[in-house]
Amino acid sequence: MSQTSWRTAAIIWMSAVTSMVLPAFALDPDGLTRVTFHDARDWDPYWSPDGSRLDFTSNRDGRDHLWITSASGGETTQITSGTSPDMHPCWSPDGTTIAFESERSGNQDIWTVPADGGEPTQITTSPHRDESLGWSHGGTRIAFDSNRGGNWDIWTIPASGGTAVQVTTSPAEDAGPEGSPDGGWIAFGSSRDGHRNLWTIPSDGGGARQITADPAFDAGPSWSPDGRWIAFMSQRSGNWDLWMVPAEGGAAIQLTDDPADDLYPCWSPDGERIAFTSDRSGNSEIWILDVVVPNPVPRRASGRRIPDH
């Protein structure tokens with residue numbers, strides 16, 4: 001199945017931890033903020049490194065393109081335009097560039113554009129599909145998933161373009177990569193255990209580690225800025241809601257519980273907020289959730305690293 005199809009349709013492991021007691025966890029009861037107010041579909045937000053702005057995808061000009069708004073709401077600025085859809089924007093760690101996926105070359109590829117707008121630059125040129133990207137290696141490389149090897153796997157490429165390097169080689173579908181804040185790990189979704197769960201792998205490849213193990217669909221990982229937590233979207237409650245899990249695996253904590261779909265979480269640089277997409281207003285809009293994370297992080301009692309094969 002194409003990565004685009006399952007991302008659009010949305011887009012623990014617990015070993016010997018059943019007796020673990022979680023520390024107190026609190027949400028501000030008034031900690032939900034709606035950021036965008038538009039009849040169009042706004043979705044898939046990503047924070048600027050200084051936490052002042054959000055980029056997102058919207059069809060408010062009649063086609064999916066990249067837009068930027070203040071994190072406090074207000075005026076929006078269109079960053080890309082044209083006849084081809086642009087989506088899944090990711091701000092570079094230095095704030096100068098936004099990477100995104102687009103079919104503007106006639107094929108699904110990875111592109112970048114100056115964060116203040118300008119001429120996009122094509123980064124990948126494979127005849128296969130390259131999509132669902134995230135920055136890796138401290139901003140020097142872009143991680144993405146691709147079927148260029150005959151299977152959906154995670155790859156990285158220099159942020160300025162060049163030779164792509166394959167990171168995962170599992171026969172399962174690996175997709176939706178997101179690099180850790182220290183550049184050492186990539187979180188991604190995979191069906192390698194028979195269900196769509198979250199895994200992590202060293203940025204340069206190696207043994208993959210399973211983070212969640214639930215028969216529901218877990219996807220869209222986003223690291224907390226201190227690297228201790230991974231937020232994600234899941235259907236494990238019977239509905240698309242936001243959850244978070246320790247980055248080393250353990251018990252997942254539900255963050256939202258609403259009959260609407262809450263999707264595409266993105267942790268703020270200060271670690272105190274998560275931007276996400278929700279149709280709880282009756283339309284797909286950008287929202288922000290205030291969060292207070294447990295400290296210390298609950299850890300699983302035992303774990304295993306699973307070879308990537």
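## Aromatic and cysteine contacts

Trp240 counts as buried at 7% relative accessibility; buried means under 20% relative accessible area, with a 1.4 Å probe and protein chains only. This is a predicted model, in which local features need pLDDT of at least 70, side-chain atom pairs count only at pLDDT 80 or more, and totals for chains, interfaces and linings use all residues. Residues are numbered from 1 along each chain as its sequence is written, and side-chain values use heavy atoms, leaving out hydrogens and water.

The protein has 309 residues, and 57% of them count as buried. Its secondary structure comes to one helix and 24 strands (DSSP runs: helices H or I of at least four residues, strands E of at least two, numbered from the N terminus).

There are two aromatic pairs. Rings of Phe, Tyr and Trp (its six-membered ring) pair if their centres lie within 6.5 Å; planes under 30 degrees apart are stacked, over 60 edge-to-face, the rest tilted.

| Pair | Centre to centre | Angle between planes | Type |
|---|---|---|---|
| Trp43 and Tyr264 | 5.6 Å | 50° | tilted |
| Phe217 and Trp240 | 5.6 Å | 70° | edge-to-face |

Trp43 lies in strand β2 and Tyr264 in strand β22, so their pair ties together parts 221 residues apart in sequence. Trp43 is buried at 4% relative accessibility. Tyr264 is buried too, at 5%.

The structure holds zero disulfides (a disulfide is a pair of cysteine sulfur atoms within 2.5 Å). For Cys90, the nearest cysteine sulfur is that of Cys266, 7.8 Å away. Cys90 is buried, with a relative accessible area of 0%. Cys266 is buried at 6%.

Note on methods:
Buried < 20%, exposed > 50% of the residue type's maximum accessible area, 1.4 Å probe, protein only.
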